[in-house]
Amino acid sequence: MSMANSAALRRRLLRVRLFLRPPRRLRMRRPGAVLVAGTFVLGLATLNTGNNLLYLLLGSLLGTIALSGWLSEQALRGLQVRRSLPRAVRAGSHVRIEYLLHNRKPRWPGHGVRVRELHAPLDSASPHAATAGRPDFGSAFVPVLEAGGQCRVHADVTADRRGVFPLHGLTLSTGFPFGLFDKERDIALPGALIVWPRADRAVQPPRVSGRRGVRRLSGAGAATGGERGDYQGLREYRAGDDPRDLHWRSTARRGEPIIRQYERDATEEYWIVLDTVAPTAALSEEAVEVAASLLSVAAARGDRAGLVAGSARLPPLDGGPRLEAAFDVLAAVEMRRHGPAPHPPADPGSCVLVTARGGGGNWGDVYPVGAQEPR
Amino acid sequence: MSDLHRRLGALLGLIALTAFVSGAGLDAPAVVPAGIALLLAVFFQPGQRLAERVEPLWQIAAIGLALRATFHAVSPGGDPVLPMVDLLLLLLCAESLRKRDGTGDARHFALTFALLIASAAYRPGPLFGVIFIAYVVCATVVLVTGHLAREAHSYHVAAPPPQRAFLLRVAALSSVVLAVSAVVFLFFPRLSEGWAARPTPPVARAVVGFSDRVSLGSHGTRIEANPEIVMRIEFPGGPPRSLRGLHWRGRSYNRFDGVNWSRVEHGMPRVSEAQAWPGGIVEQVVYARPLAEANVLFGLHPVIDVTAISRIRPVRLRSGDFVYTGESDPAYRVRSRTGMPAPEQLRAVEREHTPDIIANLQLPAVTARMMRLADSLRTSAPTMYDHVVAVERYLKTQFDYTLDLPSTRREATLDHFLFVRRAGHCEYFSTAMAILLRAGGVATRNVNGFLGGEWNEFGQYLTVTQNNAHSWVEVFFPGYGWVTFDPTPPGAAATIAAGAGSLGRLRMMLDGMNHRWGKWILDYDLGSQTQLLQRLAQPFSDQDRTARAAAGRNGVSRWPLLMAVALAVLLLLSVRRHRSRTAPSAVSRAYLTVRRAWQRAGYPPAEALPPLAFAASVTGAPGADAVRRVVELYTAVRFGSAQLSAAEHSELRAAAAAARRAARQSARGSVVPG
C-alpha cells in the first residue's frame, strides 16, 4: 500500500472514529458499581422467588439508575464555557485558568459540575501521544449554577516544563445527583498554553566587542548589576526587568511599575544564539533555560539582544513585547540530538553562543551547558 | 447541608424499620431499641469524643450478633433470619449515629434497603405501599444532599445551603423512580418458577370456622366468633340478584358413625348436575386464603368448571368436590349454574337405590325414637321431594340455633339434640336432616362450606369470613344429582351484611384496600399481567371496534386519534421549550415590566432609550430611586456578567414593584413626571 493510500485510510478511519465517538461518556464510581451489581443480584432473586414486592424494589433501583442518568444529562446540557488563559506561564510556576460558565437552561440549575481540560485532541487517533509532558491541569468545580445564571471558577495549573501545549477543549463532568456515575461531555474549545522556560539561572552578563571568552554560568561574578554604568533615569517596567530595580516611590505614585534605567542599559547590542543540538534531554532544557536567563539579564541591563534558535530569528530590538516573543520562541524551540552547528547571524564577535556540545569557534562569548569547569 | 443529610439519613432508617415492622411485626428483639436509637439519631449526633468511645462497643456487639446469626444458621433446625435482622438493625443504628463519609453513606443506604428487602419476605399489608413511597422520596433527597455535601467538601468549597425549593424539587423527582418502579412491577415478565425459593408459608391458618370434618363430639364451651377473612369473591358478570343464602360449597361427607362424618370415595355416583339444571351461568373469581384443614376450592353449587388464576392445580373429585395442589394462595375462577330444578320437577323423581348411591344411605346406630320420628316425617309426604322438604321444615321451625355447645359428652349426641336439647349449631341440623332422611330411604350427604358473606361496596366483592362457616345437606335426586337443602333456622347463620356506620364503612374501605393490595401487588402474576395488557390493548383491537360499531358508535380505530394527541403534546412541549429558551431571565423580565409601566406613563419605550439613559430620565420623579436600582441590577447582570444573590433578587423584586407602583400613580396624574 502506498503512503498516500495509507494516509487516506487513516483519515477515513479517523472520520469513522469521530462519528462513533459518544457524545457522552459514563464512568462508574464504586458505589455505582455496587448498585449495579446489587440490582443484578436482586433481579435474580426476584425472578427466582416471584415475590412481587421484590419487583417493586427492583424497579426502585432501576429507577434510581434511570433518574441518575437523566439528571446528570440535565446538569451538563445547555452549559456554555469560556476559558481565560494567561498570556504565558513560566515553567515551574502555578497559574490559574479561569472559566466562565453560563447555564442557558431556563429552568434547570446545574449541580456539581466539574470542568477540566481535555487531555487529548478530539480528533486525535492516539490520545496518549498528546498528553506526554503536559502541565498538570487541575479541575474546577461548580457547586450550583442557577438556571440562566453565570459563574466564574478556576483551575490551578502546574507547568513543569516549557512548551506550547495545544488545548483542544474541555471536559464537563458531573456525578450529580447521587454520585453513582460520572457523566462526561466534551466541548471543543481550541487554545494553547505557552509555558516559557525558566529564566532564573544565575548567568554572567555576556561580554561582546572583543572581550571574548568562555563564561561561567554561575559564580561570584554572576550578579547582573555591577557593570551598568551611571543612573540615567526612570522608565516603565518591561518583562524581564530585574524587580530589584523597581523604583517604589514612583511605582506607588503612578500606580504602575517604574524601573530605574542605567547608562549601560541601552548601549549593548548582540545576538544570543542557541545551539539546538544537545546530547541529552536534560542538557537541552538547561541550554534553553540559559538562553532565557541571558535574555532576562539583557533586558534587565537594557541591552538589545537578538535571538537565534533553530530556524527562528529575532533581531535585536528593544521592548517588552520583543522579549515575550523571544520567550515564545524558546518555549516552542525543538531540541535535537544531532545536527549542524549554528551559524552566527552577524559578526561572530557580537554573538553569544549557548551550547551543550562544546566548541565555540569565533563567537563573542560561549556559554557551555553541562561543562563542570570553564574551558 | 451535612446536618440535614444526616438527619434525613436517620429518618430513612426509621422508614425502613417501619416497613419491616409492617410485615414482620415486633418479632425481632432489636426492633424497639433500634427504633429508639434511630429516633435519637434524627435529633442528636454524638460528638467526636463520645463517638470514638462508643465505636468499640458497636464493634463488639456486631461481632456478637454475627456469631449468634452464624450459630443459628449452622445449627440444625435453626432459623437465622431474625438474628440476621438484629445484626442488620445494629449496623444501621451504628451507621446512623456515626459521622458519615462517602462510603458510610453508601453503606447506610444499603442497610436500609436490605431492611426493606427483608420486610418484603413477610408479605406486608398495604401500609408497605405508603412506606415504600416515603422511602423512595426520602432516599432520593438523602442521596442528593449527601452527594452535594461530599463533592463540596472534596473541592474545599462551601456546600450550597439547603433551600426548601431545591429539596421539594428533588423530592418531586423521586416520582421518576416511583414511575419506573411501577412500570417494572407491571410489565416485568413474571417468569418465576421458584427453582430455589422456599414456598411462601400460609400466613393465616384458620383455626376456628371451616373444618374438613363434621363432628358432634365437641362440648363444654361456646364457639367463639372468628372474623378472619377466608376469601373474597368477585362477580365479573355482575353479582347474582340475591346474595342472601349463597352456599359456598366446599367438601361433602357420606359416612356417619354417630359422632363424626367421613368420606367414602367408592360408590359415589358420578353426576353432572350442571347439565341437567336450568338457569344461566354465574362466574365467580375467588381470592382465598389457604385453610389449615384442607386444600379445598369453594364455589356455588352446581359448579361447571374451575380454572386456576394463581399457581395452583384444581382437581375435581368423584364426589364433585374441588381440591387443589400447589403452595400459593388459591385464586381461581368458578363457573356455576344460577338456577335449580323446580319443585315440580323434583316431585316427579322417584327414589332409586342404585349401587353407587348405597354409600349415601349408610346409617349409624340410631335410637328407636329417632326411627319413629323419621317414619312420622315420611308418612305425611307423598313424594321424596315433599319428604325432604318436610324434614327441612321440621328442623327449621321446631328447633333453635345456638353456638353454645352441650355441657357434657353424653349430651353431644344426635338423639339428645333431637329429643332433649332441641338446639344446636349448624352441624347438628345438617346431621339430623341427613340421618332422618337416610332413615327414610333418601340418599343424602353432609356438606361443609360457607354461607353468605359481607358485600363490600367499595371493592364490589363479597367478603367471606370464618364466621360464615356452615354445614348443610345435599339430597340425591336421580336425573338431577345432588340438590342443596339447608335445615338450619334462617337468621341464625351469618348472611349477607353490609358495613354500617362510619366505622363499618372504614372497615370496608380498609378491607377493600387490602384486597386490592393482595390482588394487584402481592399476587400480581403472569395472568394478571396478560389481563392488564389485554385491557390496555382492548380499545385498539378489531373486536372492540366491531363491538362499538355494532353498538352504533363510531367504529374508527383509535390509533390515529392517539397519535394525533401524542403529536399535539409533542408540539406543545416543543413550543414551550422554544419559549422558555427565548424567554428573558428574571432580571430582564423585571426590568422590562418596569419599562412598560413607565412607557404607559408617557416615557419612551425600551427600544428608544438605553437603560442608563432611562434611569437618568426619571431622576427627580417619585420612584426614581427604585427605577435606578432596577436598572443598576439589570445592567450588572446583563452586561457585567454578575450573579445576583438571594438578597439582591429580593431587592430587585421590591424595587421593581415600587417602580411600577410609582409609574401607575404617575399615569393617573397624581404625579407629574419630570
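This is a predicted model: local features need pLDDT of at least 70, side-chain atom pairs count only at pLDDT 80 or more; totals for chains, interfaces and linings use all residues.
Local features need pLDDT of at least 70, side-chain atom pairs count only at pLDDT 80 or more, and totals for chains, interfaces and linings use all residues. Residues are numbered from 1 along each chain as its sequence is written, chains are lettered from A and ligands numbered from 1 in the order written, and side-chain values use heavy atoms, without hydrogens or water.

Biologist: How many of the eight residues of strand β6 (residues 281-288) of chain B are buried?
Modeller: Strands are DSSP runs of E, at least two residues, numbered from the N terminus. Buried means under 20% relative accessible area (1.4 Å probe, protein chains only). β6(B) is largely enclosed by the rest of the structure, because the buried residues number six.

Biologist: Which residue of β12(B) is the bridge partner of Val286(B)?
Modeller: Strands pair if DSSP finds at least two bridges between them. β6(B) and strand β12 (residues 331-337) of chain B run antiparallel, joined by seven bridges. The partner of Val286(B) is Tyr332(B).

Biologist: Which residue of β6(B) is the bridge partner of Arg232(B)?
Modeller: Strand β2 (residues 229-234) of chain B also runs antiparallel to β6(B), with four bridges. Arg232(B) has as its partner Tyr287(B).

Biologist: Is Phe458(B) buried, partly exposed or exposed?
Modeller: Phe458(B) sits in the loop between β16 (454-456) and β17 (461-465) of chain B. Partly exposed lies between under 20% (buried) and over 50% (exposed). At 33% relative accessibility, Phe458(B) is therefore partly exposed.

Biologist: Which residue of β4(A) is the bridge partner of Ser84(A)?
Modeller: β2(A) and strand β4 (residues 94-103) of chain A pair antiparallel over six bridges. Ser84(A) is bridged to Glu98(A).
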